[in-house]
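This briefing covers side-chain contacts, grouped by topic. The sequence and model come first.

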Amino acid sequence: MENTYQNRNDLMNEILVKIFLCLNVVDVAVASLVCKAWNKACHDPSLWGKIDLSTLGSYCFKKLNRIGAYRHTSLKMTQFLKHILSLSDGNTTCFIFNFYVYLTNEQFFIVAERTPKLKRVVLPQTGDFSRAGLDIVMKSWSCLESITITSGVSAFYLLQSIGKYCNNITEMKFSRGCNFEEKHALAMTKYTPKLKMLSIRTVATSLKALTCALDSLEHLEKLNICHCVIMDTTLPGTYMLDIEDLRHRLDPSSVKKLLYCNERSCLRCINGDDTNPDRQPGGPLEDIWGEDEITSLAHLPPPSETYRRTHPRMHSFMVRIWKSFSSGSGPSFLPS
């Protein structure tokens, strides 16, 4: 009888885990508060290999399409990060921050110290990152292999911290709003010599920086320059270069490594034909920021988005759970 009861519990736990795999991280955080059985299922390592906060809009966090939108809910965000990382039990290898979150030093430390196995991180657009704080975080992420850098952090200081503590970086992306300068290329040569994939799409750069990266990074396989603003400052004045200019100025072996827009074939051009204003060049571009012609540097919407469209009953059930907690006591990240 005891074995039958245990087998039944194991089967129920397995079913719950499969269901929770179809929910986003906010859903799972709320589900963990329902009962002991659900909480146990929410600790399953298979749920936490990748934590994707790219879509926080829910009954817990309002969906706001502007930079720093969550800055005034910093306490709620801190509580939320502590809760989901307690569920993850240190099993997270990929962490994708929400594009609009204003990340504080405290929150940065909370994530770093609770994700010792992290191999990939995508940083938010804005934050309060001190130089000393970067050293602390990178020291915790010694296993890091891939990083997406934003204008919220000094890329040069970050590269220095990576050079001290992270010796396995093979992929890097500079997101919209950054500049890719010669000093960055030189720093990569020194601090990330194993780099294989580099994306600077939609970023302002120079011929000197590109040449330095292509010539000095021995293991570089692909360099994404789709819709980059490329300047030549070697002559008096500043000249804008296109891909044909690059073909004449770069070695053929270097040109083969470049990914560039060819006859409106890149993701941004394709998205430009989308009628959704959020995906237009003048929109927030969160989705476009999450895409990349180098597939391994892109991140896709969590499976919950598809699941909600195809399983409305389950989504309605989660909504009822949210509402039941809203009238009771619970962690401060829950809706009040």
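Buried means under 20% relative accessible area, exposed over 50%, and partly exposed in between, for a 1.4 Å probe and protein chains only. The model is predicted: local features need pLDDT of at least 70, side-chain atom pairs count only at pLDDT 80 or more, and totals for chains, interfaces and linings use all residues. Residues are numbered from 1 along each chain as its sequence is written, and side-chain values use heavy atoms, with hydrogens and water left out.

**Salt bridges**

- The structure holds six salt bridges (a side-chain nitrogen of Lys or Arg within 4 Å of a carboxyl oxygen of Asp or Glu).
- One of them joins Asp135 and Lys164 at 3.2 Å, N to O.
- Asp135 belongs to helix H6 (residues 131–140) and Lys164 to helix H7 (residues 155–165), so this bridge ties together parts 29 residues apart in sequence.
- Lys164 is exposed, at 52% relative accessible area, whereas Asp135 is buried, at 18%.
- Glu293 and Arg201 form another, with their closest N and O atoms 3.0 Å apart.
- Arg201 is buried at 4%, while Glu293 is partly exposed at 23%.

**Aromatic pairs**

- There are five aromatic pairs (Phe, Tyr or Trp rings, the six-membered one for Trp, with centres within 6.5 Å; planes under 30 degrees apart are stacked, over 60 edge-to-face, the rest tilted).
- Phe95 and Phe97 have ring centres 4.6 Å apart and planes at 45°, so the pair is tilted; both residues are buried.
- For Phe174 and Phe180 the centres are 5.2 Å apart and the planes at 80°, so the pair is edge-to-face.
- Phe174 is buried at 0% relative accessible area, and Phe180 is buried at 1%.

Definitions and conventions. Helix = DSSP H or I, 4+ residues; strand = E, 2+ residues; numbered from the N terminus.
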